[in-house]
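Subject: Structure for you to look at

Hello,

Here is the structure I promised to send. Please open it first, then read my notes below.

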Amino acid sequence: MSRRDFVKITGTGLALATLPGFIRSGFAGVAPDDNPYKFYFQRFGIDEDTVQKVMAEALHYGGDYCDLFFQNQLSNSIRLQDNIVNSASTNVTLGVGIRVLKGDQTGYSFTEDISLASMKAAARTAAGIASGSAKKAPETFNATQLMNYYETQVSWEDVGIKDKVELLQAINDDVFKQDPRVIKASVNFSDSENYILVVNSEGGIATDYQPMLRISVGCTAEEDGKRENNYFDYSARDDISFLTPERLKILPQEAVARTVKLFEAQTPPAGEMSVVLAAGSSGILLHEAIGHGMEADFNRQGISVFSDMINKKVAKDFVTIVDNGTNPHVRGSINVDDEGYPSQETVLVENGVLRTFMHDRISATHYGVKPTGSGRRESFKHNPMPRMRNTYMKSGPHKYAEIIASVKHGIIADQFTNGQVNIGPGDFTFYVKSGSLIEDGKITGPIKDVNIIGNGPEVLSRVTMVADDMAMAEGGWTCGKNGQSVPVSMGMPSVLVSSITVGGRG
Amino acid sequence: MEKNVYLDLGYWVQKKAKQLGASESALGINHARSVSVDFRDGKVEKLKESTQQAMWIEIFAKGRYSNHSTNDLRKESLEKFIANAVDLTGFLEKDEFRKLPDPGLYKGQSEADLDLSDAKQGDVTADERLQRAKNLGETLGGKDDRIISVSSGFHDSHSETYHLKSNGFEGHKESTSFTHGASVSIQGEGDKKPEGWRYYRARHLEDLVGAEQTALEALERTKARLGAEKIPSETMPMLLENSNAAGLLWRMMYPLSASAIQQKNSFLEGKKDSQIASEALTILDNPSIVRGLGSRYYDGDGIAAKQMPLITNGVLNNYFVDVYYGNKLGWKPTSGGASNLIVQPGARSGLEIEAGLDRAILVTDWLGGNANPTTGDFSLGVAGWLIENGKRVKSITEMNISGNYSELLMNLVEVGNDPWIHSSFRTPTMLFDKVSFSGS
């Protein structure tokens, strides 16, 4: 959809350019030219000489390696509640994180003041992880060639607040039109632009512009004195064109449909049973059951349940699971990781065999392999570590109808709100916000609010059918690890897990 | 922090906001410094030092409201930032309920010294930090042949914040925090590698629980997970370890808020002065505990902090009412959120209660799950022990508890006399009857 279409949808005839895009970075707007690094150097007010001086300080005590991670993030959010768009927030962060490695040891410091003196002071702090004679900074820097998996036409800086206000009001009106039982609605819209520049002591340099949007619609409905609340959301690394007329129609429809469905929903019986995971955000199972356990830092330390399973058969032949940073416009995609390595598709499980872990620089060095472009961090205030991007299972040989028909007694789960894992024993959970019972091969009444708990390797071995309908989640998933949050996504075809513990009652 | 520099900047921002069109404003400026040292298997894994500053401002202009934050505190940047903030606010819709608190609510702050900042924090040396983190891990050397890995860490921080509101509020908060802890992985059956941890946090360094005790507790908690497996589903009593009881009760705090009630997302709406739990439950919000992890002089609105009973003998006394949602509901503000929550202890220790149980599950760890604030339904992953005839007979894992808070709280049978004081939510051991456990 073009920008003009968006204007049309939101019902305003005003040109966007006449409205204030709120956040401006405080830097001169410099268009990229033949040297893409010039734009970023100017954005951060630095040059190669400055970088070399800071690196010399970081390597003052003989660290093996150092990198500087410059970041400028501009975020906006706007909220509708009680029928009016009555709240907006903006946030600007700017800074540089300086990391020094000595073997697998990390020294880290950051500064929000990008002056040479402040950066040198921070570099000297990070350098303290090593103790020895100084090493030299590189004399030249070579660009890392990158693909762009989230090319955009319109900067979020150029989308005016007035258009967002009208967009939220239109969605709110639609929510109330869906069902007379709706008594409350809220709509939240947030966008951000993240500019990063990574430069390392091996002379590597990479930059990225990372856009993001998230829009969520929540509502409460009332029937016979009972209330239920639910929501629906979209998130993507994209510009405003992501909000097509179709998606803007689905948002209020799904939010209301998911809410009123809960009036009929029951808590399922407790205990082990067959669970069908519907295509899409059921990929949360993979994220928890296998993804975290396959992050190489836990394996390097020998504390993951998967530490000794490489090249072992862990699932049926038709199970292939990947972690991929290159899916166009998907929330967890990255052109480059936060250590400067290009993103890629990393095959974790190939035809049922565990193939490789997800690596950052430290773990790749430990294992003697190439980094997988999985070194991510929340911001310049944090050191990178192996993290997931978009984790999903590829389509298999079965049909959805065939899977449902095969279940005598179980549930199908289709909406999830969170998950968690204990890496060592491999025990994990994910919370089913809504789903349905399956009895004698047929979907019957809806269910809600039930936690599912299992063991990663055991559950993988119990994936007995995989359908041909893989879909990616389109919601705003965020992964937390060691106090750092990063955006991720996930995906799944419809899958049958033959037996897993469902936290029902009775 | 050099007090006058930040305070002066705050006044400058406040004045600038007024000049640029804000009728009222509220702002905060924070400066924080922290250091963390992590050891793993005898050597430093990570050293991290950080110093950061931030400013956030709420703009009230022509009946409209917005809030903004930045870490770029240069005056030339701030001026542009504030001008944009005021401009943006003008495009929002009017909200008659969004206004600064009545200045009367600011009055009556405690004049007692809550002692939230340890002056000695500035004297802690880099070597001392390293040594503390290292010692914690080394305590476990040779303690168990099955240990795969031991991680230990020491973290300390100092934070100082100034708050200014244009209708006369001026507040200052300063606090320190020290945390140390260990996590242990051991080789279990097959590929399983059970893990456990223990950490302690205190406002003053001298109040931290000893390194040896912390490390040994981490090891014991890990060993307790060996051989854990699920048992068949059953409804039976649940004994909740004191350090984990907050994991169940904190999920009630959002339904107790005015925002949840006004948005019709609370199962506790209309329950004030009603019996919502058994008589065994009494919870007090107490902001004035000396060196308390949740202690404060004023809340986010600037309301002077004072003690507030939440639940007394099972009867709901108060909600957390902030200024904005209080205005919407027509209710007098109490406080926007909890400070230190104190569950009134009972007569017996957790171990005494445990010894008297015929058959129950002792929950020592949570694993995921969620609760629905609108209905009170919950479903949570648990691990712990099966208790038979007062003894821990089997380590259990991969199980869930499910139910509804309204029923669960009425089934609270007894609370222990052993509050966990290393948290802002001080919970003793708690015993609930008729809990539905799902397993094999």
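This is a predicted model: local features need pLDDT of at least 70, side-chain atom pairs count only at pLDDT 80 or more; totals for chains, interfaces and linings use all residues.

Five strands of chain B form an open sheet with mixed pairing, in the order E10-E9-E8-E11-E16. The edges are strand E10 (315–316) and strand E16 (425–426) of chain B. Each has a single partner strand, so one side of each is left without a neighbour in the sheet. Within this sheet, strand E8 (residues 283–285) and strand E9 (residues 308–312) of chain B run antiparallel, joined by three bridges. To find your place there, look for Ile283(B), whose bridge partner in E9(B) is Ile311(B).

Chain A has an open sheet as well. Six strands build it, in the order E11-E10-E9-E14-E22-E19, and the pairing is mixed. At its edges stand strand E11 (353–354) and strand E19 (471–472) of chain A. Both have a single partner strand, so one side of each lacks a neighbour in the sheet. E19(A) is joined to strand E22 (residues 489–492) of chain A by two bridges, and the two run antiparallel. Met472(A) is opposite Gly491(A) of E22(A). Helix H7 (residues 284–291) of chain A packs on this sheet. H7 touches strand E9 (321–324), strand E10 (345–350), E11, strand E14 (390–393) and E22 of chain A. The direction of H7 makes about 105 degrees with that of E22(A).

Now the interface. Contact involves 84 residues of chain A and 74 residues of chain B. The area buried between the two chains is about 6600 Å². Carbon and sulfur atoms give 46% of that area. Between chain A and chain B, 54 residue pairs are in polar contact. On the side of chain A that touches chain B, strand E2 (residues 84–102) of chain A gives the most, with eleven residues. That side of chain A divides into 29 nonpolar, 37 polar and 18 charged residues.

Strands also pair across the two chains. Strand E3 (residues 105–111) of chain A and strand E2 (residues 43–61) of chain B run parallel, with five bridges joining them. Phe110(A) stands opposite Ser50(B) in E2(B).

Last, the charges. Side chains of opposite charge can pair when their charged atoms come close. How many salt bridges cross the interface of chain A and chain B? The rule finds eight. Glu269(B) forms a salt bridge with Arg227(A), and their closest N and O atoms are 2.3 Å apart. Over all chains, the search finds 64 salt bridges. One within chain A links Lys135(A) and Asp64(A), with the closest N and O atoms 3.7 Å apart. Lys135(A) lies in the loop between helix H4 (116–127) and strand E4 (142–143) of chain A. Asp64(A) lies in the loop between helix H3 (48–58) and strand E1 (65–81) of chain A, so the pair ties together parts that are 71 residues apart in sequence.

Best wishes

Methods:
Residues are numbered from 1 along each chain as its sequence is written. Chains are lettered from A and ligands numbered from 1 in the order in which they are written. Side-chain values use heavy atoms; hydrogens and water are left out. Contact means heavy atoms within 4.5 Å. Buried area is the accessible area (1.4 Å probe) that two parts lose on being put together, summed over both. A salt bridge is a side-chain nitrogen of Lys or Arg within 4 Å of a carboxyl oxygen of Asp or Glu. A polar contact is a pair of N or O atoms within 3.5 Å; within protein, one must be able to donate a hydrogen and the other to accept it, and residues adjacent in sequence count only if both atoms are side-chain atoms. Helices (H or I, at least four residues) and strands (E, at least two) are DSSP runs, numbered from the N terminus. Ala, Val, Leu, Ile, Met, Phe, Trp, Tyr, Cys and Pro count as nonpolar, Asp, Glu, Lys and Arg as charged, and the others, Gly among them, as polar. Two strands pair if DSSP finds at least two bridges between them. Axes are lines fitted to C-alpha atoms, for helices over the stretch in contact, and angles run from 0 to 180 degrees between N-to-C directions.
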